[in-house]
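Here is a short briefing for a first look at this structure. Keep the sequence and the 3D view side by side as you read.

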Amino acid sequence: MEAKGVVVITLVVTLAVVARAARPEETGPGLARRGSASSPTTHLHFYFHDKVSKPSPTAVRVVDPVDPSSRSFFGMINVMDDPLTEGPEPESKPMGRAQGLYMGSDQAKLGFLQAMNLVFTDGTYNGSVVTVLGRNCPFDDVREMPVIGGTGAFRFARGYAQARTHTLDLKTGDAIVEYNVYVMH
């Protein structure tokens, strides 16, 4: 139980640091605004493969929900290192990894707070990262989450990610999600 407390405290501190880093810079003499009209906009399209079933899960539960019989999974925390691919098939060409966590943060319905780095490992953006932090309700048709930063080609990134469930296996919890990410950088 003590280890779970340490995990939760670590996650809260991490989210506080990320939220502070995501605040826009103030403008004034000698200070420039980020994301001006001249910033390039990039559209990224890929599929996210969240596999919680065995063997070889890509997302694992580190904290159980407060009430295991609840359908909202409130209090649950999963850590992920999910593959990103060009197509919905698991054997489709790899583009990168979604590394981060999602936690049950809604007591009434299935709703997650999702914090993830989209780490690109192939193509033009190899080595670059887009960071997403927001609300993800998997049973909604389309979910929109903010892009709060990035590295490499996506330094000073801002924008949004739209997620649509492609497939969801209700028995295993495994899901394939289509992402369209629009990034100004």
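The model is a predicted one. Its chain averages a pLDDT of 87.

**Confidence**

- Of the residues, 80% score at least 70 in pLDDT.

**The loop between β1 and β2**

- Strand β1 spans 41–50 and strand β2 spans 59–63, and Ser 53 lies in the loop between them.
- Ser 53 counts as buried because its relative accessibility is 16%, and the cut-off for buried is under 20%.
- The side chain of Ser 53 makes a polar contact of 2.6 Å with the side chain of Asp 174.
- Leaving aside neighbours within four places in sequence, Ser 53 is in contact with Thr 172 and Asp 174.
- Pro 55 is found in this loop too.
- The peptide bond that joins Lys 54 and Pro 55 is cis, with omega at about 0°.
- Ser 56 also lies between β1 and β2.
- The phi of Ser 56 is positive, near 60°, in a residue other than glycine.
- Ser 56 is exposed because its relative accessible area is 61%, and exposed means over 50%.

**The loop between β3 and β4**

- Glu 86 has its place in the loop between β3 (77–85) and β4 (94–104).
- At 44% relative accessibility, Glu 86 is partly exposed.
- From C-alpha to C-alpha, Glu 86 and Gly 96 are 9.6 Å apart in space. In sequence, Glu 86 and Gly 96 are 10 residues apart.

**The loop between β7 and β8**

- Phe 156 is found between β7 (143–151) and β8 (158–168), in the loop.
- Phe 156 is not a glycine, yet its phi is positive, at about 65°.
- With a relative accessible area of 48%, Phe 156 is partly exposed.

Conventions:
Residues numbered from 1 in each chain as written. Heavy atoms only, no water. Helix = DSSP H or I, 4+ residues; strand = E, 2+ residues; numbered from the N terminus. Buried < 20%, exposed > 50% of the residue type's maximum accessible area, 1.4 Å probe, protein only. Polar contact = N/O pair within 3.5 Å; in protein donor to acceptor, adjacent residues only side chain to side chain. Contact = heavy atoms within 4.5 Å. pLDDT = per-residue confidence, 0-100.
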